[in-house]
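Here's a quick briefing to read with the model open beside you. Have a look at the structure, then work through the notes by topic.

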Number of protein chains: 2
Amino acid sequence: MSPSGKKSSNRRRATVSIRDVARRARVSIATVSRAVNRISSVDPELAKRVWKAVEEVGYVPNTQARALVSGRSRILGLIVSEITNPFFPELIQEFENLAVAQGYEVMIGSTNYELARTESLIRRMLQRSVDGVAVMTFGIEEELVKKLVEREFPMVFVDAGPELPNIRVLKIDYGEGIREAVQHLAALGHRQIAFITGPLRLRSAAARRDAFRKSMAEVGLTIPAQHIIEGDHTMEGGMAAAEQLNALEELPTAVLCSNDMSAIGVLHGLYETTHKVPRDISVVGFDDIHLAQFMLPPLTTVQMSCKDLASAAVQALRAGIEADHPKAAQKEWEIPTRLVVRKSTNFPRGSLPALGKTTRRRSTVPA
Amino acid sequence: MSPSGKKSSNRRRATVSIRDVARRARVSIATVSRAVNRISSVDPELAKRVWKAVEEVGYVPNTQARALVSGRSRILGLIVSEITNPFFPELIQEFENLAVAQGYEVMIGSTNYELARTESLIRRMLQRSVDGVAVMTFGIEEELVKKLVEREFPMVFVDAGPELPNIRVLKIDYGEGIREAVQHLAALGHRQIAFITGPLRLRSAAARRDAFRKSMAEVGLTIPAQHIIEGDHTMEGGMAAAEQLNALEELPTAVLCSNDMSAIGVLHGLYETTHKVPRDISVVGFDDIHLAQFMLPPLTTVQMSCKDLASAAVQALRAGIEADHPKAAQKEWEIPTRLVVRKSTNFPRGSLPALGKTTRRRSTVPA
DNA sequence: CATTTGCCCGCAAACGTTTTCCGGATTGCG
DNA sequence: CGCAATCCGGAAAACGTTTGCGGGCAAATG
């Protein structure tokens, strides 16, 4: 009994195909296909027979053939800016778990902020005919959007995307978490709070800075120009920013960073100086990557849950892909942020002379 | 002029196929296929005409169809243990760059040390019919190997793998780098050196520990039992180990860790104590992840270049996949390691009283 | 009982390639 | 000049699915 096909000794193909199942279950391959895809029109009795046969011969559908004829690959593209930035692996992990649980595979790519890389990435994804792409790069070059947009291709962006039929946007509420952070610092008594931005060509970086400005205004604090420093969301950028801070006539008493990696860089940049965190200066990050709690000192930071982010991204993509998806019409998806207080923030230096370490706050965010 | 096929208004397919190129170049689709795949038997003149047509109609071959008929997907599987461990994204990045440059796509999966996850991962990869899999998880459960091994499936393992026709192994020379580290510490004057292992069920973790024992014996140092502590390659494990160290009657003067994450955990665990690194205790990591140089203090560590690792993995995979690969017969691939001295190591405490910080070593590894 | 309706199931046509096989043309040699 | 050998391109058969369409059979209706 040869395992497959009529001329089975043809090639090195030992795989069991839909035909083997059909023969075993004494039905046509069409019925097998329908049963396997759980199409309701097939008689329950027959379906059971098919599934039994599937088990017995160990059939697993050929993805390539399936994709070829149906035109859908069941692959989701996930584009991030830098896979070596610890935030993204966490995001990827969550995204992948969800996608796989829902029957999709994931194709990952990292742009490294390079346009050429991004273009080749898009090309590769189209070539593998992914069903949709989530662009989680927090600010994407507009050009490449146009490339994809052609055929009403389902896509998900963060913060902002073009107004197009099959585009969905994850709206992150930066304001909320950043307001909590600023109020936390203000409540501690800080008046001079600096901000290290991300690369400002990224929409999200500008949005975080603007949220900071707004929150500062709300608590009646002003921001001198030299207290807004442009970083690049890397540790190196954070270090450079810390040096700029050090060079100032007067060091601010607190600094808020556009992401955790910058904050870690700042921590590092301050390490070689005589200024200690949080005794002399408080530091707040953004993202709440896993590493944040392992910094010295553990980093107070604004949490943007990558579980929320991933879940919204996968859902939004499916909404764009599957015509009968319950939320097919929803175009915007809200992502909250919130402050997590750890040990890198304290009262401003000099405000409580000689009390020292023991007064270190542990309370949660002030109401 | 409809863009494709005879009955082009059939479905929503607007893609340009090999037929369009054939028509444009006035050749058969067979010739187009051959020309595109650079098969030498096609007349150069014709080939040029085909390529011109390819350009003009913007043809890009359909991967699914190609994979379906040829039986090869041009996808490489890459299995790592934990994508959130910063070592692996760096590895993934390098691996992907190389694979893409050589015309392959990459399918990534993270086992998280869970057998169930690993199994589902393997299943998914087989279902997508990857051409080969690199298991870079530094110690894999033997069971799953058997699942794959069936059809002489090309695979690459780290450190050790089953003796089978299409299996290749990346032999990492732990001894070299660890010897350098131990000699570096011994040269500084350390006599009491502890070692934080990884999870010992991982082959690679045991190998590193053994290399440590061997190197210690070589320099004539003994290791009390309580100086070998089992960790788990995470920061949390490193912290726990540091606490065990603290609980000892006498703190060792140096500690070597099985990976950088453990070392970071140790740094963190010591932070809350009165012991300062490297004044009171020297710390050495392993891997040299990017983060290592940004620790406080910058971490002295044994470098295992993930560029080397990735390059060997991709090459070894291709050697198994492509029958005419120059190194098709090579079964073992050597990966070197070497010490990188930064600032987390210094003379043992008390050995140079009152000289303080300024004596901090900056030299490279002792000969 | 005859006719219509509706429900399943099977036939067969795609999907876009690679690859085998074959035939025609060109070349080389006697 | 004739015949064999060589080469190169085209026709067509896979590859393993999904899916439109038609047909058979049972139930329902007149």
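Chain B and chain A meet through 32 residues from chain B and 32 residues from chain A, where contact means C-beta atoms, placed from the backbone, within 7 Å. Keep in mind that this is a predicted model, where local features need pLDDT of at least 70, side-chain atom pairs count only at pLDDT 80 or more, and totals for chains, interfaces and linings use all residues. Residues are numbered from 1 along each chain as its sequence is written, while chains are lettered from A and ligands numbered from 1 in the order in which they are written.

**Where the chains touch**
- On the chain B side, the elements giving two or more residues are helix 4, helix 5 (87–101), strand 2, helix 6 and helix 11 (260–271); helices (H or I, at least four residues) and strands (E, at least two) are DSSP runs, numbered from the N terminus.
- Helix 4 of chain B gives the most to that side, with five residues.
- By class, the side of chain B that touches chain A has 15 nonpolar, eleven polar and six charged residues. Here Ala, Val, Leu, Ile, Met, Phe, Trp, Tyr, Cys and Pro count as nonpolar, Asp, Glu, Lys and Arg as charged, and the others, Gly among them, as polar.

**Around DNA strand D**
- DNA strand D is surrounded by 30 residues, and the closest are A:Ile18, A:Ala30, A:Ser33, B:Asp43 and B:Val69; near means a C-beta atom, placed from the backbone, within 6 Å of the strand.
- Helix 2 (29–36) and helix 4 (63–70) of chain A, together with helix 2 and helix 4 (63–70) of chain B, are the elements that give two or more residues to this surface.
- The surface near DNA strand D has 15 nonpolar, eleven polar and four charged residues.

- Helix 1 (residues 18–25) of chain B has B:Asp20, B:Val21 and B:Ala25 as its buried residues. Buried means 20 or more other C-beta atoms within 10 Å of a residue's own, exposed means 12 or fewer, and partly exposed is in between, with C-beta atoms placed from the backbone.
- Seen down the axis of helix 1 of chain B, the buried residues fall within an arc of 120°, so they line one face of the helix; the arc is that of the directions from the helix axis to the C-beta atoms.
- Their cover includes helix 2 (29–36) and helix 3 (44–57) of chain B.
- Just after helix 1 of chain B comes B:Arg26, with a positive phi of about 60°.
- Helix 2 and helix 3 of chain B pack at about 90°, with their axes 9 Å apart. Axes are lines fitted to C-alpha atoms, for helices over the stretch in contact, and angles run from 0 to 180 degrees between N-to-C directions.
- That makes helix 2 of chain B roughly perpendicular to helix 3 of chain B; the label covers 65 to 115 degrees, with under 35 roughly parallel, over 145 roughly antiparallel and the rest oblique.
- By class, this helix 2 and helix 3 contact has eight nonpolar, one polar and no charged residues.

**One loop residue**
- B:Asn112 sits in the loop between strand 2 (105–110) and helix 6 (115–127) of chain B.
- With 18 C-beta neighbours inside 10 Å, B:Asn112 is partly exposed.
- Beyond its neighbours within four places in sequence, B:Asn112 contacts B:Glu82 and B:Arg117.

Conventions: Contact = placed C-beta atoms within 7 Å.
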